[in-house]
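I opened my notebook to record what I looked up in this structure. The entries follow in the order I made them.

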Amino acid sequence: MSETDATAPPNTERSPRRGMCAAVLCLEAITIGLTTPVMITIADVAVGTALVVGVGLAVACLLLAGMLRAPWAYAAGYAIQVAAIGLGFVISMMFLLGGIFAALWATADHLGRKIEREKAAAWAAYRAEN
């Protein structure tokens, strides 16, 4: 590890937490985006409303995936999960799919934090030896 690596800002390195959570949000964006035609054809939701809700939430997922460098974005990710589960009141299958994505999000967040803690502890131990 060079001297410049040791002094690099902490948000410039690849974060396992950010990567896993971004992957969940990108896959969720596809799922939520595909609810739009279902809301229109099966749930008889008005086209405008379905577009705002379905496409809006999908775009929010994609934008949030890019903003995960900020700590507040993880809280917003949990809000997206609540909204995805809430779509179950319109399309009942979204209770299941939203629950699955919420579990994936929580797992990615939890495991990502754990990996980052262990990585930081390993680097601290390495630096203490040298």
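**Aromatic pairs.** I searched the whole structure for aromatic pairs and found four. I counted rings of Phe, Tyr and Trp (its six-membered ring) as paired if their centres lie within 6.5 Å; planes under 30 degrees apart are stacked, over 60 edge-to-face and the rest tilted.

How are the rings of phenylalanine 89 and phenylalanine 95 arranged? Their centres are 5.1 Å apart and their planes stand at 85 degrees, so I wrote down edge-to-face. I then looked up how open each residue is. Phenylalanine 89 is exposed, at 71% relative accessible area. Phenylalanine 95 is partly exposed, at 38%.

Next I took tryptophan 123 and tyrosine 126. This pair is edge-to-face too, with 5.6 Å from centre to centre and 85 degrees between the planes. The two residues sit three apart in helix 6 (residues 93-129), so about one helical turn separates them. Tryptophan 123 is partly exposed at 35% relative accessibility. Tyrosine 126 is partly exposed at 40%.

I also noted a cluster: ring pairs link Tyr74, Tyr78 and Trp105.

**Source of the model.** I noted that this is a predicted model, in which local features need pLDDT of at least 70 and side-chain atom pairs count only at pLDDT 80 or more, while totals for chains, interfaces and linings use all residues. Residues are numbered from 1 along each chain as its sequence is written, and side-chain values use heavy atoms, with hydrogens and water left out.

**The chain as a whole.** I counted six helices and zero strands in the protein chain. Helices (H or I, at least four residues) and strands (E, at least two) are DSSP runs, numbered from the N terminus. Along the sequence I read α-α-α-α-α-α. The radius of gyration is 19 Å, well over the 14 Å that the globule rule gives for 130 residues, so the protein chain is more spread out than a compact globule. That radius is taken over C-alpha atoms, and the rule is 2.2 Å times the number of residues to the power 0.38. The C-alpha atoms fill a box of roughly 65 × 25 × 20 Å along the principal axes.

I checked burial next: 32% of the 130 residues count as buried. Then I checked contacts (heavy atoms within 4.5 Å). Among contacts with a separation of 6 or more, 69% join residues 24 or more positions apart.

**Lysine 119.** I found lysine 119 in helix 6. Lysine 119 is partly exposed, at 33% relative accessible area. Which residues does lysine 119 touch, not counting those up to four places away in sequence? I found Glu13 and Arg14. I also compared lysine 119 with leucine 97: they are 22 residues apart in sequence and 32 Å apart in space, C-alpha to C-alpha.

**Aspartate 44.** Where does aspartate 44 lie? I placed aspartate 44 in the loop between helix 3 (35-41) and helix 4 (47-66). Its phi is near 55 degrees, a positive value in a residue other than glycine. Aspartate 44 counts as exposed, at 66% relative accessibility.

Terms used:
Buried means under 20% relative accessible area, exposed over 50%, partly exposed in between (1.4 Å probe, protein chains only).
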